[in-house]
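Hello,

Here is the structure I promised to pass on. Have a look at it first, and my notes follow below.

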Amino acid sequence: MDYLNEKLNELLINYEEKLSKRFDYLKNEFIAVRAGRVDTRIVERVTVDYFGTMTLIKNLANISCTDARTIVVNPWDASILSSMVKALGAANLGATPVDDGRIIRLVFPQLTADTRKDLVKKVSKIAEEARVSMRNERRDALDQLKKIHNAEKISEDDVKNVEHDVQKILDDYIANVDTALNQKEKDIMTI
């Protein structure tokens, strides 16, 4: 019986880890969506061709914000300045990179009401995708539970308890997604 309990606990732990990864991914996607103030993390995920290797820009330069709308990228190696400008332009961040031979400036335009509404739609879509992927993880966990139930001698009560635990964990993560979405929408709409 201990073997079965261990197997069921492992199923729940793996399930919760997968949901946690999905939620972390959602938070990272939200970071990339600009609210009222720019964040250096918007450009940190951009990759640059550095001598044949795709490398994160944050590993090749100092990145800072000089004001609420401007990000400055100061490469450590001036020879890759043009590659960085090209990569930042291709990343479609909402600002055109401008270099002066030493540094790159990204000046983001002021958000309009329409732009803010579009950004709210975008984050809502990201949140819905996260919810769907979490529900898919629930389906996979319940499928695994069925396989364990068919292969092992597990009581119906134990199966129902695990199903309840799986749903409770999902409900908690969906609530976290909703809270993160509400906060991001508030950040976007705040002028």
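Which are the buried residues of helix α3 (residues 81-90)? They are Leu81, Met84, Val85, Ala87 and Leu88, where buried means under 20% relative accessible area, exposed over 50% and partly exposed in between, with a 1.4 Å probe and protein chains only. Helices (H or I, at least four residues) and strands (E, at least two) are DSSP runs, numbered from the N terminus.

Before I go on, please note that this is a predicted model: local features need pLDDT of at least 70, side-chain atom pairs count only at pLDDT 80 or more, and totals for chains, interfaces and linings use all residues. Residues are numbered from 1 along each chain as its sequence is written, and side-chain values use heavy atoms, with hydrogens and water left out.

Back to α3. Seen down the helix axis, the buried residues of α3 fall within an arc of 165 degrees, so they line one face of the helix; the arc is that of the directions from the helix axis to the C-beta atoms. Ser82, Lys86 and Ala90 are exposed on the other side of α3. The buried residues pack against α2 (41-44), β1 (47-50), β3, β4, β5 and β6 (104-107), with contact meaning heavy atoms within 4.5 Å. After α3 comes Asn92, with a positive phi near 55 degrees.

Now the sheet. Four strands make an open, antiparallel sheet in the order β3-β4-β6-β5, two strands being paired if DSSP finds at least two bridges between them. β3 (61-67) and β5 (97-99) are at the edges with a single partner strand each, so one side of each has no neighbour in the sheet. Six bridges join β3 to β4 (residues 70-75) in the antiparallel sense, and Ala61 has Pro75 in β4 as its bridge partner.

Finally, Glu29 lies in helix α1 (residues 2-32) and counts as buried at 19% relative accessibility.

Best wishes
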